[in-house]
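Trainee: Could we go through this model together? I would like to settle the terms before the details.

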Amino acid sequence: ARLENVNLNDFLPYAFTNPSIQGKLTGDLKMKNPMGDFTIDFKGKADSLTMEDQYIGDIELGAFADSKSGNISFKAVTKDTVNIFDIAGSYNYKDSSENAMKATLEGKKVNLAITLPRNIILMLYVIIFHDVRDIVLTA
């Protein structure tokens with residue numbers, strides 16, 4: 001199926017609400033064996049993607065899901081003005097151990113607010129600069 005400018009906020013809240021993700025999805029989705037152990041393969045892009053109201057950018061995406069194994073593999077690349085990074089990894093929703101998620105992030109320019117909770121950013125700033133007078137964290 002061809003997806004054109006599908007608003008992520010129209011369906012993601014039914015799957016999860018934290019983190020809040022918004023943007024428009026365009027790409028090709030292929031599903032095999034929808035009535036059994038299905039697989040889903042997606043290749044496309046997300047335009048103006050935001051997570052928790054933090055702008056991430058325009059992203060090229062790839063994902064593959066296998067319902068039999070529970071494994072979802074993903075790759076995302078952005079070369080936007082705000083963020084420049086590649087992320088790849090997998091998540092196994094059938095794995096209840098601490099090893100269910102594996103990911104590698106390689107970034108040239110990454111807004112830490114999209115990867116770390118605010119209190120960790122503040123702590124890192126204090127450790128590095130030993131000063132909190134000039135720090136500004138946006139909501």
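Mentor: Let us begin with burial: buried means under 20% relative accessible area, exposed means over 50%, and partly exposed is in between, with a 1.4 Å probe and protein chains only. This is a predicted model, in which local features need pLDDT of at least 70 and side-chain atom pairs count only at pLDDT 80 or more, while totals for chains, interfaces and linings use all residues. Residues are numbered from 1 along each chain as its sequence is written, and side-chain values use heavy atoms, with hydrogens and water left out.

Trainee: Fine, so is N33 buried, partly exposed or exposed?

Mentor: N33 counts as partly exposed because its relative accessibility is 44%. N33 sits in the loop between strand 2 and strand 3, where helices (H or I, at least four residues) and strands (E, at least two) are DSSP runs numbered from the N terminus. N33 also has a positive phi of about 55°, although it is not a glycine.

Trainee: And what about S48, where is that one?

Mentor: S48 belongs to strand 3, and its phi is positive as well, at about 50°, although S48 is not a glycine. With 43% relative accessibility, S48 counts as partly exposed.

Trainee: Stepping back, what pattern does the chain follow along the sequence?

Mentor: The protein chain has 2 helices and 7 strands, and along the sequence they follow β-α-β-β-β-β-β-β-α. Of the 139 residues in the protein chain, 24% are buried.

Trainee: Which residues make up the largest nonpolar core?

Mentor: A nonpolar core is a set of buried Ala, Val, Leu, Ile, Met, Phe, Trp, Tyr and Cys residues joined through side-chain atoms within 4.5 Å. The largest one has 11 residues, namely L8, L12, I21, L25, F42, A46, L49, I56, I59, A76 and F85. Two or more residues of this core come from each of strand 2 (21-32), strand 3 (39-51) and strand 4 (54-66), and strand 3 gives the largest share, 3 residues. In soluble globular proteins, nonpolar side chains tend to be buried together.

Trainee: Let's take F42 from that list; what is it in contact with?

Mentor: F42 lies in strand 3 and counts as buried because its relative accessibility is 9%. Contact means heavy atoms within 4.5 Å, and, leaving aside neighbours within four places in sequence, F42 contacts L3, L25, T26, G27, D28, L29, L61, G62 and A63. The C-alpha atoms of F42 and G27 are 7.0 Å apart, and these two residues are 15 residues apart along the chain.

Trainee: And T39, which residues does it touch?

Mentor: T39 is in strand 3, is buried with a relative accessible area of 17%, and touches K30, M31, K32, F64, A65 and D66, not counting residues up to four places away in sequence.

Trainee: Changing topic, what does the side chain of N83 reach?

Mentor: The loop between strand 5 (71-79) and strand 6 holds N83, which is buried with a relative accessible area of 0%. A polar contact is a pair of N or O atoms within 3.5 Å; within protein, one must be able to donate a hydrogen and the other to accept it, and residues adjacent in sequence count only if both atoms are side-chain atoms. The N83 side chain reaches the backbone oxygen of Y55 at 3.3 Å, and a polar atom of that side chain lies 3.0 Å from the backbone oxygen of I56.
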